[in-house]
Amino acid sequence: MKPIFLIGYMGCGKTTLGEPLARVMGKRFIDLDHYIEQQCGMTAREVFETHGEAHFRQLERAALREIAATASDMVVACGGGTPLQHGNMELMNHMGVTVWLQASVERITSRLVLPEQRAKRPLLTGMSDNEIAASVAKGLAARSPYYEQAQLCFNSNYLESVEEINASARKLAAMLAEM
């Protein structure tokens, strides 16, 4: 079995969908950001604030390589910027199956403006709701060429209730089983 790498813009549902997908498929789940936090003893926000984004991306690349080498039975929720780093998409496509979780700008924005989401996402610090919406639209457009390299695309607009999440997990598992 190959690992499954979930990619997409922040707020598209990688962790939300990843955990139930792993359960449905009988795999383990790992969130790449949480893995990095455990390895360095700091939150992603603290790494960004203390050492900068470039340092975080170095940690992320190292963690991705480590996980990819040992993650045959895992669903991995990658950070939104993971596919942008040189060689990461190639590595994920070679070692496993990449799935781009696609959600609309409106849906992503509605998720990111929630206080608990703002608090844990360093790139949203100090932004108004309108600024978040503009940032999502711009960021999604810039990142789409990387995300489009995924082997499968999945609509993640419908993750707003437990029922939608579980139905989406079952649907994605069925799609993956057909590959």
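## A central pairing

Strand S1, residues 4-7, pairs with strand S4, residues 97-102. The two strands run in the parallel sense and share 4 bridges. Within this pairing, Ile 7 has Trp 100 of S4 as its bridge partner. The model described here is predicted.

Strands of a sheet pair through backbone hydrogen bonds, and the pairing can be parallel or antiparallel.

## The whole sheet

S1 and S4 belong to an open sheet of 5 strands. The strand order is S2-S3-S1-S4-S5, and the pairing is parallel. Which strands form the edges? They are S2, residues 28-31, and S5, residues 152-155; each of them pairs on one side only. From one strand to the next, the twist averages 25°.

S1 also runs parallel to S3, and 3 bridges join the two. Here Phe 5 stands opposite Val 76 of S3. S3 pairs with S2 as well, in the parallel sense, over 4 bridges. Asp 31 has Ala 77 in S3 as its bridge partner.

Helix H2, residues 32-40, lies across S2 and S3. H2 runs at about 70° to S2.

## The nonpolar core

In soluble globular proteins, nonpolar side chains tend to be buried together. In this model, the largest nonpolar core has 51 residues. The residues with the most contacts inside this core are Leu 6, Ile 7, Ile 67, Val 99, Leu 101, Leu 172 and Leu 176.

## Two packed helices

Two packed helices are described by the angle between their axes and the distance between the axes. Helix H1, residues 14-25, packs against helix H9, residues 162-177. The angle is about 60°, and the axes are 8 Å apart. That angle makes H1 oblique to H9. The crossing of the two helices is right-handed.

Which residues of H1 meet H9? They are Thr 16, Leu 17, Pro 20, Leu 21, Val 24 and Met 25. On the H9 side, the residues met include Ile 165, Ala 169, Leu 172, Ala 173 and Leu 176. Asn 166, Ser 168 and Arg 170 of H9 also take part.

Lys 2 sits in the segment before S1. Lys 2 is partly exposed, with a relative accessible area of 49%. Leaving aside neighbours within four places in sequence, Lys 2 is in contact with Lys 27, Ser 72, His 94, Met 95 and Gly 96. Val 47 is 45 residues from Lys 2 in sequence, and the two lie 30 Å apart in space, C-alpha to C-alpha.

Ser 156 lies in the loop between S5 and H9. Is Ser 156 buried or exposed? Ser 156 is buried: its relative accessible area is 0%, and the cut-off for buried is under 20%. Leaving aside neighbours within four places in sequence, Ser 156 is in contact with Cys 12, Leu 101, Gln 102, Ala 103 and Arg 111. One of these, Leu 101, is also listed among the core residues with the most contacts.

Definitions and conventions: Residues are numbered from 1 along each chain as its sequence is written. This is a predicted model: local features need pLDDT of at least 70, side-chain atom pairs count only at pLDDT 80 or more; totals for chains, interfaces and linings use all residues. Side-chain values use heavy atoms; hydrogens and water are left out. Two strands pair if DSSP finds at least two bridges between them. Axes are lines fitted to C-alpha atoms, for helices over the stretch in contact, and angles run from 0 to 180 degrees between N-to-C directions. Contact means heavy atoms within 4.5 Å. A nonpolar core is a set of buried Ala, Val, Leu, Ile, Met, Phe, Trp, Tyr and Cys residues joined through side-chain atoms within 4.5 Å. Buried means under 20% relative accessible area, exposed over 50%, partly exposed in between (1.4 Å probe, protein chains only). Angles under 35 degrees count as roughly parallel, over 145 as roughly antiparallel, 65 to 115 as roughly perpendicular and the rest as oblique. A crossing is left-handed if the near helix is turned anticlockwise from the far one by less than a right angle, and right-handed if clockwise.
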